[in-house]
Each structure stands twice: as structure tokens, then as C-alpha cells.
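Morning, everyone. Please have a look at it first.

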Amino acid sequence: MGSSASSSMGFIALQEAYAAINRDIDMRNNTAAVVRNKQQDMQRKKDYDDGNERHLPPSARDAVNANANAHHAMAKPAAMAQELKEHANALFAKGDAVGAVRVYADAIAWDPGEPTLFANRCLALLQLGQFELAVADARRAVALRPRWAKAHHRLGQALARTGALTEAAGELRTALSLDPDFKPATVALQDVERRRGEAACRCTLRGHADAVYEVAYEPTSTRRIASASLDGTARVWDTASGTPVCVLVGHEDKVTGVAWSKGGEWLATASVDRTARVWHVRAQLPLASAATLRASAVLEGHKGRVTRALWTSDGEQICTSSTDKTARIWRVAVDGEGGGAKVTLLHRLEGHKGLIPCLSISPDDRFVATASADGKCRVWTINDGQMAFELNAVPTNPDPEKQKSGNGAAVNLCAFLPQKNLLATCQIHAEQDSATVFVWDVDGKICPGRHVDGTLSSWRTLPLRAGGRVLSLASSLDSENDVLLSVGGSAGDMTTFDLSTAAAAWACKGAHEVPRVPGQAANHAVAAVEALAYSKGGEFLASGGVDGAVRVWDAEDGRVVCAFGGCGDKSGAVKTIAWDGDTCLASGGVDGVVRVYSIV
């Protein structure tokens, strides 16, 4: 009891002494100014040494000598401060943080303009649990030497101990921008990002036995979210309770995609087992046994794995793509009671000479676009399954034979944009480890006259400055109703384009790059941006990386709003992101966990 009271009184005395010292610092500004002028005095003396002073009148020579004498007189404060600092450092090393704080205070009284004294006292105050005082010292160190990485690191450390994690992360990033090899700042930033993710995580949904490759919110509910996993199942979760509503079973291999119909009545899944399946969730759930659902219907016929399965907005048709080089359009209808469904194959979309990794449906349900490894993107009319356009990007492969054949390039992504039936495609060039993004006007309203011989010329070609492949695309409308298109790459870079000018609105190099450990080369695989998604209102852009982090950006200026997770461990790599409105988002990744975050 006596020891505790004594310790408490010691801390109170320490705080009172600290406040008195800060008041005393302001009274010693004149002394500090003279000390800062000592280098100028030394230079003047040097200029007039070796006989130069003989050219001066006697009064000027007397002034030079007086300044030199002042320098010698004022050298004492700096020397005393250095001696006291060394003594305080020794006390701290022995575990006497209280003694170190008192001696640092004495040193500061002699030389209040020396930032290392405040940075060192900050560390001692942190050990004593005096976090607010430590923040004040760290801020003083930063003010005295703004480009000193260690001062920003100290401030980041102190802020983190007070719980100001967002500001702490900003200071630690500043430290690393000033000194990328500063390992303590790297470690501290990773810890702060982990803590921020834990604090913002509304719920953690566990149950999948393998990676989660896609998540999707039910359009009519803010509580339900579906997930597709490589464990061969899909799940529907209640995010309010953090529990599974049901498990969708029946696929014989990995499930890589999941999509809700617009009304939230149906769910479609895509699988490596060469099938897509539909689930009449709204009708089946009341009849479910042990929360396990069987598919209402199986979409069979593809000869390779199904890469995508997407609904038209009316919820009556599904478009699927496959590694068998074809896409298909199906009609889905309710078949009796109890959740049954009748599926009819309407059209086979054939003609590609390479696998189809991606497809996209236009906002008005008129077109479906297919991206292929043959270097082509084709646009088909959904009503009759006929090809409307073949989108031929300008070949960039320097080999004439490969240009002619189309080999050496592949279209890995395509996405209809939210306005005017614009279509974005990404062409990757494997041998050059590069990519080009094209934007096409499918309706011909923006650039009429470009529909020639069943082909369409590109409206925009977007200049990607970074190397590597494009792994993710997302689009939205800005405050002026112009289209923003964001691109994430394998090298960790991210660029957002304003399509009204085709210029980059903002870009971030290393958006998901794990801070480099000293002595190790940067690993671009760790930095890849694999998921992008705009919030419903378009105010925010979320990105997910192989570093395990989810970052939220201001969509128009690229400012980091918040960041979650990110320890550099590939076992937590983020593969998918989905928004529920503008304040809540969910992510899924390689660790098989779905995480729901709140950004407010």
C-alpha cells in the first residue's frame, strides 16, 4: 500500500516538474538564439583570420573579437546538455526511467533547441506510462527537426499508446518515407495496422476450410452476405450475429464465384467442377434442415471450369463463362414450391480461341462482354446471343508474327462502367510483364462512326506508368457525374483515371507494398492489389492486397481514409471486397475468414 502511494506521488511530482521545465524553456529562448548563432560567429572569425582583420577599422576588429568571446562563453550550454544527455542515457539503460526523465529535463534546460533530448525523454516517459507527456515531447522533436525519421517514429509510438491509431499510422508512414530502411518504424506500423483492423472489425466470420475467393452482400439486406470458398462450399452469413445462416453444398470442387440476383431471391455459384448452380435462397431457407441447402438447379454443359456466373438485372437470366473457350446464357424460372428451379440453355457464345476468365453484363442488360486469353474481347447481344462487336486493341508485341497471330497478349479483365455503356478491358503482355487498359464506347454515342465491319475502335487508351499486370478494376461516378476507373496491379500500384480526360486523377505507387525489411529486395508479389471496390455512393474506394491489408481511399483525391490489417503474411492475402452502403465493407481472403469492417 505504502509503495503504491509513493509511486503515485512520484508520478505527480514528475508531471509538476515537467510543467515547470516547459515554462522555463520559454524563458530561455534568448539563450537558445545565441547558441544557434555560434556557427555564424565561427565563420566570421575564420573569414578574418590569417591577417584579413588588418583590413578592418579598429571598431570592426573589436566587434569580431567580442563575437568570438561570446561563442566561447556560450559553448558551455551545448556541452553541458550533451554531458547530461549521456548521463540520462546511461540511467535509462540501467532501468531508471524516472532518473533519466529528470536528467533529460536538466539537459533541455541547458539546450532547449536540441530535438534528440525530447525524443529520448519521450521514450523514457513511454516506459513510465506517461503517454500524453510522451506525445508532447515527440511533437516538440518533430517541430525542431521535421525531416528526422526517428522523431516521427517516436511520435507514432506515443500516439499508438494513447489509442490514436490513425494518426500514429500516418506518423510511422512519414518515418518510412524519410528512411525506408528504418526497421523499428516498419515493425511499429505493422502492429498499428493490425490493431486498427481489430478495432474496426465488426465481426469475424469463420467456418470455411479454405480460401474465400468472393463475397457479395444481399442487395435487399444489410445483414446477409454470401461467400464462395475453395473448400467446395458457399455460405450465407448473418453479419449482425456473426453466424452462418446456411451452407450451400453439392459442388464437387472449388467454388470460385458467388452472385445474388438483384432482388436477393436467388444466388448463383461458379465452380471448378465445370458447373454453375442456382439456389432459391428465399424459398429454401424456411425449409432448410440443419442450415444446409442443396442447389435448386445445376447448369451443366461446360467442358472446363466455370470462371464467372452473373445475373441479369431482372433476375431471370444467368451468363456463364468457362475455360472451355465458350460462354452461355441461361434462363432460370421457379419450378413448383419448395425452392425448385427450371433452367433452360438459351445461347452458346462460341468463337473465342482461348479460355474466358471474365465476363461482364451491361447496365441495361443488352450486352454481355467476354474477355479471352486469345487477346480478344467480344460483345454479344443477350437477346439473340449474336456477336455485336469484336474489340481489337492495338497489338503492342514487338514480334510481327505474334502481332499477326495475336499470341503474346491476353484480355484478362473486362467490366462495363456505370454510365453510357462504356466498357473497360485490360490486355496483358506476359513476355513484357506489362498491361494496357482500353475503354470502349459500345453504343457509339461518344465517338460515332467507329463501328466498322463488326469491330469497334477504342475510345480511350489509359497510360499505365507501372509495370506488371492489372489484377483488378473498379468504376464509379464522381461528384460531377464523370466516370472514375481504378486499376490495381501486380506491382502494388493503383491508379484512378478520370475518363472525361483520360488523365490520372491520382495514383499511388506501392499502395499495398509491405515496408521493405533492410537488406532484403522488394517483393512485388507481396504487394499485388487483387481486389478493388467502390462504395455504393462512390465516395470511397477500397483495395485489398496480398499483404493482407484492406485500405479505404477518398475516391476523388486518393487520400487514405483508413486501413485495416496488413502484416505482410501471404496467408492473409485479400482476394475479394464488397461494400454494404458507404460505411461498411467485407473482405475475404486466403485464410478462409470473412471480415466485416466499419469505417465510421
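How many salt bridges does the structure hold? It holds 15. By salt bridge I mean a side-chain nitrogen of Lys or Arg within 4 Å of a carboxyl oxygen of Asp or Glu.

Some ground rules. This is a predicted model, where local features need pLDDT of at least 70, side-chain atom pairs count only at pLDDT 80 or more, and totals for chains, interfaces and linings use all residues. Residues are numbered from 1 along each chain as its sequence is written, and side-chain values use heavy atoms, with hydrogens and water left out.

Now some of those salt bridges. Take E214 and R308. Their closest N and O atoms are 3.1 Å apart. Helices (H or I, at least four residues) and strands (E, at least two) are DSSP runs, numbered from the N terminus.

Is E214 buried or exposed? Buried, because its relative accessibility is 14%. The cut-offs: buried is under 20% relative accessible area, exposed is over 50%, and partly exposed is in between, with a 1.4 Å probe and protein chains only. R308, at 22%, is partly exposed.

Next, R282 with E218. Here the closest N and O atoms are 3.4 Å apart. Again distant parts of the chain are linked: R282 is in helix α11, residues 281-284, and E218 is in the loop between β2 and β3 (224-229), 64 residues apart. E218 counts as buried because its relative accessibility is 6%. R282 counts as partly exposed, at 43%.

One more pair: D554 and R559, with closest N and O atoms 3.4 Å apart. D554 is buried at 14% relative accessibility. R559 is partly exposed at 47%.

Which residues form a negative surface patch? E480, E539, E556 and D557. Patch residues have over 30% relative accessible area and no salt bridge; like charges are joined within 9 Å, and nonpolar side chains (Val, Leu, Ile, Met, Phe, Trp, Tyr) within 5 Å. Accessible areas come from the Shrake-Rupley method with a 1.4 Å probe, and for residues only the protein chains shown count as cover. Lys and Arg count as positive, Asp and Glu as negative, and His and the chain ends are not counted. Each charge is placed at NZ of Lys, CZ of Arg, CG of Asp or CD of Glu.

E556 is in the loop between β31 (549-554) and β32 (560-565). Its relative accessible area is 41%, so E556 is partly exposed.

Now the strands. Start with β4, residues 234-238. How many of its residues are buried? 5 of 5. A234, V236 and D238 point one way, R235 and W237 the other.

What pairs with β4? On one side of the sequence, β3 pairs with β4 in the antiparallel sense over 5 bridges. Two strands count as paired if DSSP finds at least two bridges between them. I225 has W237 as its bridge partner in β4. The two strands form a hairpin with 4 residues between them, and G232 in the turn has a positive phi of about 90 degrees.

β4 is also joined to β5, residues 243-249, by 5 bridges, again antiparallel. V236 has C246 as its bridge partner in β5. That hairpin has 4 residues between the strands, and G242 takes a positive phi near 75 degrees.

Further along, β17 (377-381) and β18 (387-391) pair antiparallel over 4 bridges. C377 is partnered with L391. Their hairpin has 5 residues between the strands, with G385 in the turn at a positive phi of about 70 degrees.

Most residues other than glycine have a negative phi. R274 has a positive one, near 75 degrees. R274 is in the loop between β7 (267-271) and β8 (276-279), and is partly exposed at 46%. K325 also has a positive phi, about 75 degrees. K325 lies in the loop between β12 (317-322) and β13, and is partly exposed at 38%.
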